[in-house]
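Q: I have a model open and would like to learn how to read its features one by one. Could we go through it together?
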Amino acid sequence: MSQHRDHGGGIDAAAARFGGERSAWLDLSTGINPMPYPVGDFSDDAWSALPDAAATDALVQAARLFWNVPKQAAILPAPGASSLIARLPSLWPRGQVSIQKPTYNEHAGAFDAQGWQVSRDTGAVHVVVHPNNPTGRLWTADEFTAPITVIDESFCDVTPELSHIDRASQQDTLILKSFGKFWGLAGLRLGFAIGHTDVIHRLSTMIGPWAVSGPALRIGAAALNDPAWAKITRLRLDQDSQRLDRLMTEKGASSLGGTTLFRLYQVDDARAWQERLARGKVWSRTFPYSDTWLRLGLPAPDKWDQLEAAL
């Protein structure tokens, strides 16, 4: 039986149900930075030419420097972390994978679709999301005891000092990075696998040539070579997430954690809260496994009034 993969987003469906044009809605159902990295302009050849090796190398070198990747580890850019997640089960002989729920459900869905047994118990492969989505749980190195550990660090750029990137050169560890969250460029479809050269080579063969578009290569390299933007962004996200916590607790919610890109709250009735916010054209995230969990991303600076009015 395939795993149900519910996600945030779905503004068109929300607008169809509650009314209003798409442009009137504030989507807080994802954990995407509402102030994305500025992409700038592109020459025609970025769109018309096949991505060249030099551009790929420049992106890889920028990633190595930004994330402090060990020299012995290899880096594979890909068209989004989801494309990597879908291929992970093919890297190892089919067996049992350990995934502690609740967490991002694409991992369980991918392994289940390829015939793996998904369990909370110890398996040949252990998949963790660090920090976890939606709880914000952080994993420690002593918890990585399986023969293979996959560490999804899609949200870890808000807390780079807590990354497990120092393990990336080990044969038993594979680390994933996403460009859609911290940089706010989910539509760019750019992700990275970082790990032992043998594993990265096999993943690269699965993905094939020219996997990352020319514009994505250039934007990614520019962003990763801009640590000043990253530093300023972390400060803003920290301030805004605290502001969101204050606002929600004043309205009766209890903070359960999360990251500075999304916050998880305990409420009396999550569906009722979602509908109340939706009447104000604000879309939030609820979960099929909890009647009381509500997750909110951050509004852009000019959208706080809309959120406060909806509450």
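Predicted model: local features only at pLDDT ≥ 70, side-chain atom pairs only at ≥ 80, totals over all residues.
Q: Which side chain meets glutamate 308 in a salt bridge?

A: A salt bridge is read from the gap between a side-chain nitrogen of Lys or Arg and a carboxyl oxygen of Asp or Glu, with 4 Å as the limit. Here the partner of glutamate 308 is arginine 243, at 3.6 Å from N to O. Arginine 243 sits in helix 8 and glutamate 308 in helix 10 (residues 304-310), so this pair links distant parts of the chain, 65 residues apart.

Q: Are arginine 243 and glutamate 308 buried, partly exposed or exposed?

A: For this we use relative accessible area: under 20% is buried, over 50% is exposed, and partly exposed lies in between. Arginine 243 counts as partly exposed because its relative accessibility is 34%. Glutamate 308 is partly exposed too, at 35%.

Q: How many salt bridges does the count come to?

A: The count comes to eight. One of them joins arginine 263 to aspartate 245, with the closest N and O atoms 3.0 Å apart. That pair also links distant parts of the chain, since arginine 263 is in strand 10 and aspartate 245 in helix 8, 18 residues apart. Both arginine 263 and aspartate 245 are buried.

Q: Which residue meets aspartate 12 in a salt bridge?

A: That is arginine 22, at 2.9 Å from N to O. Arginine 22 lies in the loop between helix 1 (11-18) and strand 1 (26-27), while aspartate 12 is in helix 1, so the pair ties together parts that are ten residues apart in sequence. Aspartate 12 counts as exposed because its relative accessibility is 52%.

Q: What domains does the assignment give for the chain?

A: It gives domain 1 (11-36 + 228-310) and domain 2 (44-225). Their centres, taken over C-alpha atoms, are separated by 26 Å. The contact takes 21 residues from domain 1 and 19 residues from domain 2.

Q: How much area do domain 1 and domain 2 bury between them?

A: The general idea first: the size of an interface is often given as the accessible area lost when the parts come together. In this case domain 1 and domain 2 bury about 1,500 Å² between them, and 70% of that is on carbon and sulfur atoms. On the domain 1 side, Ile32, Arg234 and Phe262 lose the most area to domain 2, together 31% of what that side buries.

Q: Where is threonine 260 found, and which residues does threonine 260 touch?

A: Threonine 260 is in the loop between strand 9 and strand 10. Leaving aside residues up to four places away in sequence, threonine 260 touches Val158, Leu237, Asp238, Ser241 and Leu298. Threonine 260 counts as buried because its relative accessible area is 18%.

Key: Residues numbered from 1 in each chain as written. Heavy atoms only, no water. Domains from an automatic or database assignment. Contact = heavy atoms within 4.5 Å. Buried area = accessible area lost by both parts, 1.4 Å probe. Helix = DSSP H or I, 4+ residues; strand = E, 2+ residues; numbered from the N terminus. Buried < 20%, exposed > 50% of the residue type's maximum accessible area, 1.4 Å probe, protein only.
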